[in-house]
Amino acid sequence: MIAPSRWKTIAVVISIIFGVLFTLPNVLPQNMRDALPGFLPKKTLNLGLDLQGGSYLLLEVDTKALRVEKLTNLIEDTRTTLTEAGIDFSGLGQAQGVVSARISDPARMNEALNAVRKGVGSQMKTGGRDVAISTGPDQTIRISLVEQAMTAEAGKAVDQSIEIIRRRIDALGTKEPAIQRQGIDRIAIQAPGESDPEKLKNIIGQTAKLTFQMVDDSVTVAEASQGRTPPGSIVLPSGDDYAPAYVVKKRALVTGEMLTDAYQVFDQQSGGAAVHFQFNSQGAKRFGDATSNGIGKRFAIVLDGKVISAPVINSAITGGSGQITGNFTPESANNLAILLRAGALPAPLIPEQQSTVGSELGADAIKAGAISLAIGGGAILVFIILAYGLFGVFAAIALIVNVLLIFGFMSMTQSTLTFPGIAGLILTLAVAVDANVLIYERVRDEAHAGRTPLAALEHGYQRALVSIIDANITSAISALIMMGFGSGPIRGFAITLLTGVVSSVFTAVIITQLLIGFWYRATKPKTLPIV
Amino acid sequence: MAWPLIRTLPREFHFNFVGLAPFAAIFSALLIVGSGVSFAVQGMNLGIDFVGGTLIEVQTTGPAPIAQLRATLARVGGEDAQVQGLGGPNGAMLRFRPHEGVSAIDATDTVKRELTKTFPGIQFKQVQTVGAKVSGELMKSGFMALGIALLLMLGYIWFRFQLQFGLGAVVAVLHDVLLTLGLLSVMQLEFSMTSIAALLTVIGYSMNEKVITFDRLRENLRKYKTTPLGEVINKSENERLSRTLITGTTAILALSGALFLGGPVLFPLVFTMVFGIIIGTYSSVYVALPIILLWGVRRGDEEATPLKPANARS
């Protein structure tokens with residue numbers, strides 16, 4: 001076992017080359033890294049936000065709002081379906097998540113049921129419909145959402161949100177943001193170097209649902225507010241806090257999805273900032289039809305439930321493009337353009353957690369971490385050499401390779417190194433040396449028991465290996481659990497720990513064994529330096 | 001001094017580890033009671049990870065006006081507002097929870113705006129906000145992680161050794177966790193998600209110690225089949241002592257740099273780890289082994305030599 005075998009030598013050489021190659025970019029300055037030939041790794045350690053500074057934002061998709069919207073759609077679908085089938089009904093509405101309507105003519109119950117079955121809800125990917133339809137007492141039809149469909153819907157909303165957030169943030173020019181799904185309905189955003197999370201929140205926090213709706217001039221806002229809103233119309237507040245509200249038709253003429261482009265411009269008449277937009281062909285046609293039928297009337301541009309402006313239609317707009325003017329600054333107009341280009345979020349996002357670390361603090365942390373690591377590593381090297389002499393030197397070499405392997409692996413996989421992770425790394429190195437201590441102490445025991453140096457080495461390694469593996473499996477278990485449960489810095493800590501456990505066993509056992517093997521072959525010692 | 005130092009250590013030690021066990025039991029019991037009293041009287045200093053709220057680290061242009069900062073925070077901030085100096089004369093740390101019904105994130109933005117207005121030139125070195133919902137979940141998942149870690153390790157040790165070893169190890173590790181929590185409570189160090197990571201590391205290290213301890217004990221139990229259990233334990237511990245000393249010293253030396261120079265962020269974490277190393281080493285000898293000694297072990301295939309009544313039971 002002690003005699004250096006070929007595979008062991010090869011494995012050690014390969015691991016050293018790997019460690020050096022992948023760790024190297026971390027110590028080279030940027031321009032030298034860029035100059036490296038293409039086949040060499042260039043990635044440096046992925047430092048956590050606590051080390052390099054930046055912003056972290058955890059958002060939750062508002063599934064409640066999603067459910068409310070879904071129910072509203074169900075009500076409207078039911079209204080349309082029954083009206084089209086010519087069936088009279090009353091009391092259409094929802095209570096506790098169930099939409100119900102009373103069919104006026106009991107003889108037409110079955111007909112109504114069939115119509116609703118066909119016209120309301122849709123097919124799910126997994127089979128079955130996304131709504132459950134049943135009859136209730138007193139000639140009512142009850143429609144409820146299938147939970148499974150809601151879950152699928154929420155999942156889809158998260159995926160879409162991630163995509164839209166990415167587009168929005170990219171447009172903002174933030175450097176390398178990491179946007180990840182977390183759990184079922186959460187999204188974590190990490191933006192290194194971004195010191196102002198409000199900028200992120202401004203652009204993420206808005207749903208940006210844009211619609212064009214006709215203004216209902218048949219009643220005044222005051223009348224409507226007193227509960228005399230005509231069916232099919234709704235009172236919406238103005239985006240400008242001091243302007244009065246509007247009564248608008250519920251039906252949207254054109255929606256934000258029909259936009260192909262939007263950008264900030266300056267309005268030629270007023271000189272104020274505005275957003276220029278371009279519809280796709282469907283949107284252009286619908287907008288053209290609506291404007292040519294409604295000359296002299298007003299239409300409202302509605303963003304997230306607020307009326308931005310309500311211009312009067314002077315002539316039919318058939319070109320499919322137009323301008324949104326309102327109370328804009330160039331910056332807010334540009335933001336709106338970005339939001340419109342990226343598309344609307346399927347549901348509002350609620351920020352749940354937020355952290356920002358200034359780059360200065362990050363730099364301090366890196367410095368403190370590097371000093372701690374240097375002192376810790378140095379202390380281990382000095383102590384182990386003092387304690388075990390030549391064998392201590394072997395252990396020290398193994399430890400250095402170990403550090404290279406850990407840094408190399410973490411650079412290669414781009415695992416995050418956090419500030420707590422550095423503390424984890426130091427302890428990992430101490431535990432790595434423990435493997436050598438176990439082996440050497442065992443060798444000493446065996447030698448004291450009267451074995452020859454070779455036999456003592458053989459037995460020492462063999463016996464100690466079992467303990468080492470048992471002991472490291474317990475460490476690996478705690479690291480794996482941290483990975484499973486932890487988020488952010490804890491995960492980074494766990495990854496550092498786990499990488500360390502694996503590379504420690506390899507370096508502390510195999511590398512020292514190989515070095516001792518070569519040393520033994522070269523010197524054929526009568527006694528061991530540690531006995 | 002001779003080099004390598006290891007040669008200066010005596011070949012054999014003859015400490016009566018087991019003889020000290022009753023005193024150690026009293027010592028441990030006192031510490032646990034002390035921890036319990038501290039939990040009851042002052043509880044844990046829970047960080048925003050677990051209770052929700054906001055932590056802001058600021059740097060002001062002149063010496064930090066702690067009193068004015070406190071006044072501003074009390075005016076716009078929220079409940080449990082705390083302000084203290086941190087990181088030099090110009091630095092301060094603010095902590096608060098939002099008022100009932102206000103989102104933590106909105107409260108943070110309000111406070112930041114107000115601070116910028118009241119103290120021109122103020123810089124935010126660090127801002128952390130955790131909403132109430134997330135903090136509850138973090139707390140739950142943190143403790144769940146601790147529980148699952150302990151159970152898995154119990155299972156692993158049971159599988160590798162015997163049930164009483166596994167229980168001895170888990171009781172010892174629980175002892176370590178309790179005392180570590182007790183220490184955090186006594187010193188009122190912040191208990192955060194990072195502390196959970198530190199605790200899990202302490203558990204990992206402590207278990208590591210138990211495995212090494214048991215390994216030697218098991219080996220000696222096979223070697224000395226008729227020797228009383230107490231003597232075998234003493235022998236095993238004496239054989240192991242040089243390794244325990246060297247590894248323990250290495251670990252503490254290694255962490256000392258981070259402990260003293262790691263700054264206020266790393267200090268609670270590293271301090272917990274150092275304490276855990278000491279207590280984990282102690283509990284291997286004085287919690288895990290005494291439990292095994294009291295319970296007795298199944299001693300392989302030897303011809304029944306009922307040394308102790310405990311053995312006869314198994």
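Two residues are taken to be in contact if their C-beta atoms, placed from the backbone, lie within 7 Å. By that criterion, 61 residues of chain A are in contact with 63 residues of chain B. The model is a predicted one, in which local features need pLDDT of at least 70 and side-chain atom pairs count only at pLDDT 80 or more, while totals for chains, interfaces and linings use all residues. Residues are numbered from 1 along each chain as its sequence is written, and chains are lettered from A and ligands numbered from 1 in the order in which they are written.

**Interface between the chains**

- The elements giving two or more residues to the side of chain A that touches chain B are strand 17 (349-357), helix 11 (359-413), helix 12 (419-448), helix 13 (453-485) and helix 14 (489-523) of chain A, where helices (H or I, at least four residues) and strands (E, at least two) are DSSP runs numbered from the N terminus.
- Helix 11 of chain A gives the most to this side, with 17 residues.
- The residues on the side of chain A that touches chain B divide into 38 nonpolar, 16 polar and 7 charged, with Ala, Val, Leu, Ile, Met, Phe, Trp, Tyr, Cys and Pro counted as nonpolar, Asp, Glu, Lys and Arg as charged, and the others, Gly among them, as polar.
- Strand 17 of chain A pairs with strand 5 (residues 123-130) of chain B in the antiparallel sense over 5 bridges, pairing being assigned if DSSP finds at least two bridges between two strands.
- Within strand 5 of chain B, Val127(B) is the residue that stands opposite Thr356(A).

**An open sheet in chain A**

- In chain A, 5 strands form an open sheet in the order 10-11-9-14-15, and the pairing is antiparallel.
- Strand 10 (233-236) and strand 15 (306-309) of chain A are the edge strands, each of which pairs on one side only.
- The twist averages 55° from one strand to the next, with axes being lines fitted to C-alpha atoms, for helices over the stretch in contact, and angles running from 0 to 180 degrees between N-to-C directions.
- Strand 9 (residues 210-215) of chain A is joined to strand 11 (residues 246-255) of chain A by 4 bridges, and Gln213(A) stands opposite Ala252(A) in strand 11.
- Strand 9 of chain A also pairs with strand 14 of chain A, in the antiparallel sense over 5 bridges, and here Leu210(A) stands opposite Leu303(A).

- Strand 14 of chain A pairs with strand 15 of chain A over 3 bridges, and Ile301(A) stands opposite Ser309(A).
- The hairpin of these two strands has 2 residues between the strands, and in it Asp304(A) takes a positive phi near 50°.

**Positive phi in two loops**

- Ala208(A), found in the loop between helix 7 (197-204) and strand 9 of chain A, has a positive phi near 65° and is buried, with 21 other C-beta atoms within 10 Å.
- Gln414(A), found in the loop between helix 11 and strand 18 (416-417) of chain A, has a positive phi near 55° and is exposed, with 11 other C-beta atoms within 10 Å.

Note on methods: A residue is buried if 20 or more other C-beta atoms lie within 10 Å of its own, exposed if 12 or fewer, and partly exposed in between; C-beta atoms are placed from the backbone.
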